[in-house]
Structures are given as C-alpha cells and as structure tokens.
Amino acid sequence: MHELSICQEIIIQVNEIAFQNQASSIESITLQVGPLSGVEAPLLKQAFPFAAAQTVAANAELIIEELPIVVECKQCGAHSNVVANKLICSQCGDYHTQLISGDEMLLASVELTREKPAEKNIHLAEANHV
Ligand SMILES: [Zn+2]
C-alpha cells in the first residue's frame, strides 16, 4: 500500500523532529497535499494509525490541507490557480503552461509536547519536502 509507506516516511521525519526538540509526544502533524501528488488524503488518514502505532506520534492527529494547483503561463507569464483537468492560463487562455505547485506533499508543521508543558507548540518555520 502506497499510503502506508508515505506514512512511515512521515513518522521517520516527525520522530527526528521530536527527538531534536526533546519532545515526549506529538500532538498533531499537518501535511499539505497537492491534488496532483497522487496521494489520497482519506487513505493516508486510514494508514496513519498503523504507521504511528508505538511511536511518539501514536496519539497524534493527522491534519491534511489541500494545496491549490498553480500554473505559470509560457505565453504571458501569469500565474493561475487552476483545476486538475484544466491546466490553462486564466489570463490569456493559453494551454502552454508549466506546473508551479499542486503535485507536492509537504510536511507543514508538527505540534510537539515537551516534558515541560509551558513549551508547547513548536512549528517548523519552513516546510519540508517529504
Ligand atoms: Zn497566459
């Protein structure tokens, strides 16, 4: 199952982040998933508990945010938000476009719990490619 191996990758990454931040557990994991990434959000959510079992992320909530599909027009240079089956420029209508985003999956943020409850809510400044 494709989604399970993705979840296992995510667990490896968040485990590392938890270790670096001396966190005792992970509260939530936010992923940003492009519609063209080939990743099915419901399947990811289903697979997650299996990958997370007996790790620091065992009780973590998996939050999945959908990214927009953005293309750059090769004719006029405009950036357009488009839908998956219609990758055309919204400015001039040209179909010679290049995908800027929409096929990626990013680990956007991880919410950690440390031993000291005061230091909660560690968010990654930059998104990491999974
Ligand atoms: Zn255009």
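Predicted model: local features only at pLDDT ≥ 70, side-chain atom pairs only at ≥ 80, totals over all residues.

Q: Okay, how many residues has α1, and how far does it reach?
A: Helix α1 runs over residues 2–20, so to speak a stretch of 19 residues, and spans 28 Å from its first C-alpha to its last. That's close to the 27 Å expected at 1.5 Å a residue.

Q: Which residues of α1 are buried?
A: Ile6, Cys7, Ile10, Ile11, Val14 and Ala18. They sit on the same side of α1, because they cover an arc of only 145° around the axis.

Q: And what's exposed on the other side?
A: There you find His2, Ser5, Ile12, Glu16, Phe19 and Gln20.

Q: What covers the buried residues of α1?
A: The cover includes strands β1 (23–33) and β6 (105–114), plus helix α2 (41–52).

Q: What follows α1?
A: Gln22 does, with a positive phi near 50°.

Q: Switching to the open sheet: in what order do its 3 strands come?
A: The order is β4-β3-β5, with antiparallel pairing.

Q: Which strands stand at the edges?
A: β4 (79–82) and β5 (97–101). Each has a single partner strand, so one side of each is left without a neighbour in the sheet. As for twist, the average is 35° from one strand to the next.

Q: How many bridges join β3 to β5?
A: There are 4 between β5 and β3 (residues 69–73), and the two run antiparallel.

Q: What's the bridge partner of Val70 in β5?
A: Val70 is partnered with Ser101 there.

Methods. Residues numbered from 1 in each chain as written. Expected span 1.5 Å × (residues − 1). Buried ≥ 20, exposed ≤ 12 C-beta atoms within 10 Å, placed from the backbone. Arc of directions from axis to C-beta. Contact = placed C-beta atoms within 7 Å. Pairing = 2+ DSSP bridges. Axes fitted to C-alpha atoms, helices over the stretch in contact; angles between N-to-C directions.
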